[in-house]
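I opened this notebook to keep track of what I looked up, one topic at a time. The entries below follow the order in which I went through the structure.

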Amino acid sequence: MAGLELLSDQGYRLDGRKATELRKVQARMGVFAQADGSAYLEQGNTKALAVVYGPHEMRGSRSRTLHDRALINCQYSMATFSTAERKRRPHGDRKSTEMSLHLKQTFEAAVMTQLYPRSQIDIYVKILQSDGGNYSTCVNAATLAVIDAGIPMRDYVCACTVGFVDETPLADLCYAEESGGVSSLALALLPRGGQIALLQMDARLHQDHLETLIEAAMTACKGVSKVLDEVVRQHLQEVSVLTGE
Amino acid sequence: MKDTPLSNCERDFLLRAIEEKKRLDGRQTYDYRRIKITFGTDYGCCFVDLGKTRVMAQVSCELVAPKENRPNEGIMFFNIELSPMASPAFEQGRQSELSVKLNRQLERCLRNSKCIDTESLCVVSGKTVWQIRVDIHMLNNDGNLMDASSIAAITALCHFRRPDVGIQGEEVTVYSPEERDPIPLSIYHMPISVSFSFFQQGTYLLVDPCEREERVMDGLLMIAMNKHREICSIQSSGGIMLLKEQVMRCSKIASVKVSEITELISKALLNDKAARKAGGRCGFAESMPQERITALKTEETPMEMKDVTERANDIIQKAEAPPPAYPKLNDDRENISDSEEEEVVILHPEIPGKVCTL
């Protein structure tokens, strides 16, 4: 898509945001009664639904049981109507399997699995509408769902995708920016300690710009963590009002 | 078939050795194993040896219809096969986690970084384009399959020659290699991946892990760069938590390693070109080392001899006296002497006490 200016001279992006602005985040916890924990999160136009079951006994192959910690099982899928063109294979293709592996890796680092040996925690995430930053929205939604399920975590896991255009890092990319050939970096961060749970980058970026990009990603993630914290506290308030405490 | 599990003492030994900055094969922390690149008889066939890890890449092309949203670009397709030939742990059925991971990493490293000019692969816009297919087979797994695959893939792509085409209006004629010389692909840059393995929750870092080190590692960071110091892809895997400084340090180390490896690849390509011109023999069979015993001499292997005598004496002194191997013999029996020459000693049954030697 040549000719589409990703960053105008006045510093405005395609959707009118400034370079460091995140998209509007709206979230709701406890959306399903059946699951142990569930959450719905919207980041701009990207909508993700996350559901957590667990910790429960190992299902499936008993041989995969870990004797000292819980096994985290993630499944990522996209609804067929989530993209502009109907997706023919929502799960089982390579990209979805790769995303599921990345989610598993992210949450294995953050969830305190040593407290639940020989058990399994399932995290299912579904993208209902995809407008860029799929991985980040999934991680944020899954964090809320895990908190809703009451599973202890070391810290919030916040993720954000940043891109690099005209020597400026752009926080929270939308689909048009991602497909415009911009170097994008997806980062999952535990904000308090500044520890990176997952780092993924595509497309060419000069080594000197790497540090600026990672810094911008970390700042964006810290912004997301504030929003998530707000959502969790509000949900707890609502729930405690309902139960009359 | 499941792989034999690693015993606890082996794991502890490896981790302790890494803590003391020692590796099993005597390498330093940032050293790569010996890389050897050979080519097959056809253009586009390449074998890469990274230590004992052996990987083969083959590039092929065919004319297909282009994708609808990109009518004047060619198609690149990558496929990594993990066959049980490489390791008993790999199973024949596809889509194991490792297979998906390697495939996706290679795709992102080579396709998203646009190392090949796909527009030059277009023959008739919207109707016919070249599809370049890179097939990579693991022949032997001794750790670090990702780096070996990326070196093999990019070298095979640099080595490959596609047939020339002639276009007359709508007619497309593909010329055979005898009619017209095949054309090399136009490659912008060569992305090479460098793998870093982390141990003990990110305290220790090793470059190019071998298979044993891979079994005990906590996580892996893969950085793909080209020699112009542009990062083509970064991927962290395993449940480790990294700090920004660690990532920056790894990227600096990666840039040094990548320039070395790129030089090696260019030299190998030049050598092969010269060999083909001179009409020499080339191919897979030639690349296998002739393992005939012509002399009783092995290569010098470096060994650490620091304080060996003191430590040996120490150990011997501290050890207990060995228990007697056999009960003391009666005096009328003769002791069999332990001689250094090869000797067969038979105690003659009829004449007790007499010893014959052969």
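Entry on a surface patch. I began with chain B of this predicted model, where Met303(B), Met305(B) and Val308(B) make a nonpolar surface patch of about 340 Å². I then asked where Met303(B) is found, and I located Met303(B) in the loop that runs between helix H6 (284–287) and helix H7 (308–318) of chain B. Is Met303(B) buried or exposed? I noted that Met303(B) counts as exposed because its relative accessibility is 64%, the cut-off for that word being over 50%.

As for what lies elsewhere along the chain, I checked Val124(B), which is 45 residues apart from Gly169(B) in the chain, and the C-alpha atoms of the two are separated by 9.3 Å.

Entry on a sheet in chain A. In which order do the five strands of the open sheet in chain A come? I read the order as E1-E2-E3-E5-E4, with mixed pairing. The edges are strand E1 (25–29) and strand E4 (71–78) of chain A, each of which pairs on one side only, and from one strand to the next the twist averages 15 degrees. Looking at one pair in detail, I saw that E1(A) and strand E2 (residues 37–43) of chain A pair in the antiparallel sense over five bridges, and that Ala27(A) has Leu41(A) in E2(A) as its bridge partner. As a reminder to myself, strands of a sheet pair through backbone hydrogen bonds, either parallel or antiparallel.

Entry on the recorded domains. I looked up UniProt, where an unreviewed entry lists "domain: Exoribonuclease phosphorolytic" for residues 21–152 and 155–219 of chain A. Residues 155–219 of chain A are 28% helix and 49% strand, and the end C-alpha atoms of this span lie 16 Å apart. For chain B, UniProt lists "domain: Exoribonuclease phosphorolytic", again from an unreviewed entry, at residues 32–163 and 189–255. I found residues 189–255 of chain B to be 27% helix and 40% strand, with end C-alpha atoms 14 Å apart.

Conventions
Residues numbered from 1 in each chain as written. Chains lettered and ligands numbered in written order. Predicted model: local features only at pLDDT ≥ 70, side-chain atom pairs only at ≥ 80, totals over all residues. Heavy atoms only, no water. Patch = residues over 30% accessible without salt bridge, like charges linked within 9 Å, V, L, I, M, F, W, Y side chains within 5 Å. Areas by Shrake-Rupley, 256 points an atom, 1.4 Å probe, with all protein chains shown as cover. Salt bridge = Lys/Arg side-chain N within 4 Å of Asp/Glu carboxyl O. Helix = DSSP H or I, 4+ residues; strand = E, 2+ residues; numbered from the N terminus. Buried < 20%, exposed > 50% of the residue type's maximum accessible area, 1.4 Å probe, protein only. UniProt positions renumbered as here; feature names shortened; annotations may be inferred. Pairing = 2+ DSSP bridges. Axes fitted to C-alpha atoms, helices over the stretch in contact; angles between N-to-C directions.
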